Amino acid sequence: MKIADCLQFAREHPVCSFATMDGNQPRVRVYMLWYTDLTGFYFHTVGFKQAVDQIRKNPKVELCFTAPPSPPEPLRMMRVSGTCDIIDDPAILSRLYDERISHLPLGSREALLPLLVVLHVSKGEIRFWKMENFLMEKEILRIDF
Amino acid sequence: MTDFAECVRFANENPVTYIATVEGDQPRVRAFAMWFADVTGFYYHTGTPKSVFHQLQKNPKVELCFYKPGDAAGKMLRVSGKAEFLEDLAFVERLYQDRPWVKDLVKNAPAGGKLAMFRVAHGEAWFWTMDANMRESQVPRVKF
């Protein structure tokens with residue numbers, strides 16, 4: 001398993017769970033991946049959401065991408081732990097609006113750009129899990145990115 | 001108005017659960033196939049050699065996320081609470097009846113490894129849809 005395979009897995013299964021810390025209470029919700037490349041994993045949300053506040057206080061996050069069972073292949077999981085940066089660069093937000101939002105009835109560019117943020121998960125570790133290594137967690141290959 | 005029965009129904013219909021736990025100040029999350037949910041909570045099983053078991057022993061706080069894909073980004077049920085480990089042998093018997101393959105997992109576990117069952121019996125649950133996306137703090141929470 002190479003980093004390119006991990007990125008491809010995320011692209012093929014872009015709905016992922018995104019876990020954050022809220023004090024000592026874990027939080028998790030489902031996010032849609034915007035894109036991924038060798039610099040990390042990119043998501044978007046609005047800046048006033050609780051998840052963003054949690055990341056500002058503790059940028060450590062974990063993501064879990066899953067491929068549903070496809071007999072005989074059981075469920076597969078890719079877990080990504082890392083730190084999350086909050087990006088509010090207008091050029092990146094403008095690209096985000098064009099690619100992901102402009103076709104939806106959510107609001108104009110002028111109205112939405114000030115609200116949007118991009119979440120960038122980088123500097124971490126990827127673990128790929130299959131049922132056959134269910135009880136061999138320590139032996140699972142870890143890939144740094 | 002959402003009630004707990006609706007949460008239980010949604011969980012049983014969408015049993016793949018993302019379970020978030022804590023390891024120090026690092027959140028952890030993985031997918032579990034929920035065993036079942038009823039009015040007494042959400043039930044799962046794992047093994048004592050697994051990291052999730054040790055994380056839950058140190059800090060039982062969890063959040064569960066169930067997801068149903070669909071139009072307008074689908075629907076999520078988020079449940080926060082504490083995991084309680086189950087010692088009652090009646091649960092073991094029921095688990096082996098419901099999921100006989102667990103016996104093989106236990107048989108093949110590393111030396112000393114045992115079955116661990118837990119439930120989230122108390123906490124709060126809420127549904128997320130795109131309609132609620134911009135007002136998440138106002139969405140009614142269901143206490144259970």
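User: Which residue in β6(B) does Tyr67(B) stand opposite?

Analyst: This is a predicted model. Strands β5(B) and β6(B), the latter covering residues 75–86, pair in the antiparallel sense over eight bridges. Within this pairing, the residue opposite Tyr67(B) is Met76(B).

User: Which residue in the turn of the hairpin of β5(B) and β6(B) has a positive phi?

Analyst: The hairpin formed by β5(B) and β6(B) has six residues between the strands. In that turn a phi of about 55° is found, and the residue that has it is Ala72(B).

User: Which residue stands opposite Glu63(B) in β5(B)?

Analyst: Strand β5(B) also pairs with β1(B), residues 16–23, in the antiparallel sense over four bridges. Opposite Glu63(B) stands Ala20(B).

User: How many of the eight residues of strand β5 of chain B are buried?

Analyst: The strand runs over residues 61–68 and is mostly covered. Glu63(B), in strand β5 of chain B, is buried. Of the eight residues, the number buried is six.

User: With which residue of chain B does Arg27(A) form a salt bridge?

Analyst: Arg27(A) has a relative accessibility of 19%, and buried means under 20%, so Arg27(A) counts as buried. The closest N and O atoms of its salt bridge to chain B are 2.8 Å apart. The partner is Glu63(B).

User: Is Asp22(A) buried or partly exposed?

Analyst: The side chain of Asp22(A) meets that of Arg27(A) in a salt bridge, at 3.0 Å from N to O. Asp22(A) has a relative accessible area of 32%. Asp22(A) is therefore partly exposed.

User: How many residues apart are Asp98(A) and Arg109(A), which link distant parts of the chain?

Analyst: Their side chains meet in a salt bridge with an N to O distance of 2.3 Å. Asp98(A) lies in helix α3 (residues 90–101) and Arg109(A) in helix α4 (residues 109–112), both of chain A, and the separation is eleven residues.

User: What is the relative accessibility of Arg109(A)?

Analyst: Asp98(A), its salt-bridge partner, counts as partly exposed at 41% relative accessibility. Arg109(A) likewise counts as partly exposed, and its value is 28%.

User: Which residues are joined into one network by salt bridges that share partners?

Analyst: Over all chains, the count comes to 19 salt bridges. The network formed through shared partners contains residues of chain A and of chain B. Its members are Glu62(A), Arg79(A), Glu125(A), Arg127(A), Arg142(A), Glu23(B) and Arg28(B).

User: How many aromatic pairs are there over all chains, and what is the angle between the planes of Phe10(B) and Phe127(B)?

Analyst: The aromatic pairs over all chains come to 23. Phe10(B) and Phe127(B) form one that is edge-to-face, with 5.3 Å centre to centre. Phe10(B) lies in helix α1 (residues 4–13) and Phe127(B) in strand β7 (residues 115–128) of chain B, so the pair ties together parts that are 117 residues apart in sequence. The angle between the planes is 85°.

User: Why is the pair of Phe32(B) and Tyr44(B) edge-to-face?

Analyst: Planes over 60 degrees apart count as edge-to-face. The ring centres of Phe32(B) and Tyr44(B) are 5.9 Å apart. The pair is edge-to-face because its planes are at 85°.

User: What is the relative accessible area of Tyr44(B)?

Analyst: Tyr44(B) is part of one aromatic cluster with Phe32(B), Phe53(B), Phe85(B) and Phe118(B). Phe32(B) counts as buried at 11% relative accessibility. Tyr44(B) is buried too, and its value is 0%.

User: Over the ring of which residue does the charged end of Arg94(B) sit?

Analyst: A charge over a ring occurs at Phe127(B), where Lys75(B) lies over the face at 4.5 Å from the ring centre. For Arg94(B), the distance from the ring centre is 3.8 Å, and the ring is that of Phe36(B).

User: Which residue of chain B forms a nonpolar patch on the surface with Phe48(A) and Leu115(A)?

Analyst: The patch has about 280 Å² of accessible area together. The residue from chain B is found in the loop between β7 and β8 (142–143) and is partly exposed, with a relative accessible area of 43%.

Methods:
Residues are numbered from 1 along each chain as its sequence is written. Chains are lettered from A and ligands numbered from 1 in the order in which they are written. This is a predicted model: local features need pLDDT of at least 70, side-chain atom pairs count only at pLDDT 80 or more; totals for chains, interfaces and linings use all residues. Side-chain values use heavy atoms; hydrogens and water are left out. Buried means under 20% relative accessible area, exposed over 50%, partly exposed in between (1.4 Å probe, protein chains only). Helices (H or I, at least four residues) and strands (E, at least two) are DSSP runs, numbered from the N terminus. Two strands pair if DSSP finds at least two bridges between them. Rings of Phe, Tyr and Trp (its six-membered ring) pair if their centres lie within 6.5 Å; planes under 30 degrees apart count as stacked, over 60 as edge-to-face and the rest as tilted. A charge sits over a ring if NZ of Lys or CZ of Arg is within 6 Å of the ring centre and within 35 degrees of the ring normal. Patches are made of residues with over 30% relative accessible area and no salt bridge: like charges are joined within 9 Å, nonpolar side chains (Val, Leu, Ile, Met, Phe, Trp, Tyr) within 5 Å. Accessible areas come from the Shrake-Rupley method with a 1.4 Å probe; for residues, only the protein chains shown count as cover. A salt bridge is a side-chain nitrogen of Lys or Arg within 4 Å of a carboxyl oxygen of Asp or Glu.
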